[in-house]
Amino acid sequence: MNHVIVVDLGYGDAGKGTVVDWLCSRQEGRPVRMVVRFNGGAQAAHNVVTRDGRHHAFAQFGAGTFASGVRTHLSRFVLVDPLAVAAEAAHLASLGVAGALDLLTVDRDALLATPYHQAANRARELARGVGRHGSCGMGIGETASYALAHPQDAPRAGDCAAPRLLARKLATLRDRLTGELGPLVAPPPAHICDAYRAFASRVRLVDGSYLARLLRAGPVVFEGAQGVLLDEWRGFHPYTTWSTTTFANAEQLLAEAGQQAIRLGVTRCHMTRHGPGPFVTEDPGLDLPEPHNGRNQWQGSFRTGHLDAVALRYAIEVADGVDAIALTHLDTAARHSELRICRSYQAAGRSLTRLPAGPPRDLDYQKRLTRMLLATRPVYSDPGGDWAHVIEQETGAPAVLRSHGPTAADKTASQPFGSSRAAA
Amino acid sequence: MGSGRWSTDVYDAAARFRAATGASAFGHSDGGATTVHPLLDPRDVARESRDSGEHPRSLAIAVLFDVTGSMLQVPRALQAKLPQLLGLLLRHGYAEHPQIMFGAIGDATCDRAPLQVGQFESDNRMDDDLGRILLEGGGGGQKTESYELALYFMARHTFLDCHEKRGKRGYLFIIGDEMAYPRVKRAEVRRVIGDGVEADIPLAEIVGEVRRKWDAYYILPEGASYARDRQVLRFWRNLLGQNVIELADLDAVCETIALTIGLGEAAIDLDEGLADLRDVGSLASATVSKALATIGSGRGTLVVAAPPPDLGRPGGNFRL
């Protein structure tokens with residue numbers, strides 16, 4: 001198998017975790033050695049259920065961790081939260097995955113999401129009140145914006161091994177944020193320093209050449225976080241994340257090593273969204289099972305709706321295309337004949353089948369898109385039952401991986417991951 | 001996405017990283033053990049540094065440190081710092097395929113753990129060996145420990161592809177604060193390592209054997225009982241010439257070792273190496289600069305000469 005990049009084509013929650021787990025645990029082809037994270041941070045919750053019923057929502061560790069010996073690498077594009085790493089490793093240990101920390105490498109240039117960032121994030125969201133952006137409360141935006149404003153002072157993973165430098169950066173960070181927002185609920189720098197030093201002495205910190213070496217040694221799965229429709233530049237501003245959620249970061253890491261990968265887009269047969277923002281096909285009347293997503297204090301409720309082919313095509317366009325589709329939740333679709341597909345919008349009296357991509361990095365354009373979407377009505381049609389066929393028609397990409405349930409045993413595959421061509 | 005379910009506590013996290021097996025704790029000692037961990041037992045074993053597909057040109061690096069009582073808190077500090085060594089070497093390109101082994105030296109005349117030896121590893125697995133090292137804290141009060149027994153093991157029980165295939169010596173660092181006994185004792189070799197040797201071996205002879213395959217350094221750190229001790233320094237300079245390093249700040253131990261290797265590999269000169277340290281924000285550059293003053297001695301790029309023909313002679317001309 002070649003390298004694969006897994007990206008969610010919606011608002012997240014499409015099933016990246018289960019797809020990554022399947023890619024890492026399949027028996028055919030050369031075994032995957034490592035999962036690389038290339039965006040987001042500990043806010044991720046990529047659910048995996050093993051054949052024997054164990055469940056874990058992967059946050060910082062790669063969703064391939066249940067597969068024996070599969071490493072996780074947090075690249076320089078990931079926001080690393082050492083405290084979350086410790087807690088997650090402990091949970092994995094309780095599930096019988098001992099030594100997860102031994103399988104983790106972290107790029108020294110990766111930004112640290114600290115308790116100060118998180119406290120500032122929450123203070124700001126509370127101040128916004130009803131106008132919340134749907135932040136996860138994990139300090140992701142705070143971490144990214146501080147690094148943009150103060151690139152030299154932003155704490156990075158490598159600093160954990162340089163205690164005096166780390167202490168200075170943490171104190172500066174705390175002083176700046178409290179100067180702006182008032183006192184923050186967070187431990188003193190010395191205590192954070194102590195935990196981060198323990199992190200550095202336990203987890204292997206590496207530089208960029210490490211990934212290049214691993215990429216040459218065997219197949220790697222790049223696990224995206226969140227979804228293309230939440231992308232910082234291509235999502236519906238301001239209801240977005242501070243992270244590039246397309247294939248771009250992964251492609252950059254691959255290019256640095258002179259390598260290529262299959263671009264795999266993941267989508268459900270219906271749509272979901274956590275928190276506020278445009279959701280044209282939302283249908284509160286749908287009652288679909290959702291075992292692993294509930295209401296979150298910082299994001300608001302979990303929303304459900306019908307498949308939005310217009311948004312799906314937009315996501316594929318702004319992500320610069322996909323080689324193949326992984327289609328998940330086919331079991332839900334089979335049981336819920338009330339699920340529709342939206343192939344066009346009614347917006348300002350006009351019919352719209354394509355959401356045009358704007359110029360790169362034009363947030364005004366994205367804001368106008370948001371405004372338009374909030375006033376748009378979906379036009380539904382009957383999918384006719386064969387979801388894989390429908391998706392292939394709408395996207396022009398083969399649905400090579402089909403998931404009918406939570407475990408790896410519930411997946412069927414065709415080329416390049418299976419032995420036969422797609423039945424469709 | 002969107003969980004926050006790994007709600008985290010800074011104190012829990014620190015404890016969890018330290019509690020996890022491996023690098024961060026002298027787990028074996030703290031677990032109440034009083035004997036050498038079976039994986040580190042030097043009896044009837046050899047340690048090999050071999051090339052592999054992934055690491056076709058391995059370079060053997062061994063770091064052995066004195067764990068007797070005179071070293072005070074130094075061994076624990078070393079344990080916390082040494083896991084950074086591999087990353088430093090790779091990050092700066094000082095060595096392309098380093099294989100690192102850690103070990104510990106006690107006193108064969110009275111300790112239960114006179115010698116502990118880990119495996120050569122190309123990834124961070126050797127850090128697990130660090131956690132297995134028994135910190136006995138014993139030793140006698142005579143400013144002498146069993147370094148010679150460790151040197152015997154390194155001379156006759158290590159096998160290095162870098163040396164055997166490419167004629168290139170590995171790097172051996174001994175961190176301690178005392179002197180060696182004058183002879184490798186036959187009875188101790190039999191008891192600890194399991195070899196039958198015909199007679200005791202003079203120290204100078206075993207040092208000569210070691211230096212055929214190892215470029216050997218002695219590091220005397222601040223914070224140990226005999227830091228800056230003239231007698232100890234003179235003793236090791238007689239055996240190893242310029243390769244005796246006084247380390248003023250234990251925090252800089254990895255940087256010092258890494259830079260020494262970088263200089264030896266001619267990957268850098270001293271000024272470049274110190275600039276590397278400053279570039280990554282390391283606060284160790286002044287300490288390292290001082291520690292390596294004798295080795296760098298303002299000459300710029302160092303010439304790595306072939307091993308000397310007569311290695312038994314103290315202060316041999318093996319390095320400019």
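Is Arg124(A) buried, partly exposed or exposed? With a relative accessibility of 23%, Arg124(A) counts as partly exposed (buried is under 20% relative accessible area, exposed over 50%, partly exposed in between, with a 1.4 Å probe and protein chains only).

This is a predicted model, in which local features need pLDDT of at least 70 and side-chain atom pairs count only at pLDDT 80 or more, while totals for chains, interfaces and linings use all residues. Residues are numbered from 1 along each chain as its sequence is written, chains are lettered from A in the order in which they are written, and side-chain values use heavy atoms, without hydrogens and water.

**Salt bridges**

Arg124(A) belongs to helix H3 (residues 115–128) and Glu142(A) to helix H4 (residues 140–149) of chain A, 18 residues apart (helices, H or I of at least four residues, and strands, E of at least two, are DSSP runs numbered from the N terminus). Glu142(A) is buried, at 8% relative accessibility.

Next, select Arg164(A) and Asp249(B), whose side chains meet in a salt bridge at 3.5 Å, N to O. This pair crosses between chains, from helix H5 (residues 163–181) of chain A to the loop between strand S12 (244–247) and helix H11 (253–264) of chain B.

Then select Glu48(B), Arg50(B), Asp51(B), Asp161(B), Glu164(B), Lys165(B) and Arg166(B), which a network of salt bridges links. Over all chains, the structure holds 31 salt bridges.

**Aromatic rings**

The structure also holds 11 aromatic pairs over all chains (rings of Phe, Tyr and Trp, the last by its six-membered ring, pair if their centres lie within 6.5 Å; planes under 30 degrees apart are stacked, over 60 edge-to-face and the rest tilted). Select Tyr11(A) and Phe279(A), a tilted pair with 6.0 Å centre to centre and 55 degrees between the planes. Both Tyr11(A) and Phe279(A) are buried.

Move on to Phe199(A) and Phe17(B): their ring centres are 5.4 Å apart and their planes at 65 degrees, so the pair is edge-to-face. Because Phe199(A) lies in helix H6 (residues 189–202) of chain A and Phe17(B) in helix H1 (residues 10–19) of chain B, the pair joins two chains.

Finally, select Tyr147(B), Tyr218(B), Phe235(B) and Trp236(B), a cluster linked by ring pairs.

Note on methods: A salt bridge is a side-chain nitrogen of Lys or Arg within 4 Å of a carboxyl oxygen of Asp or Glu.
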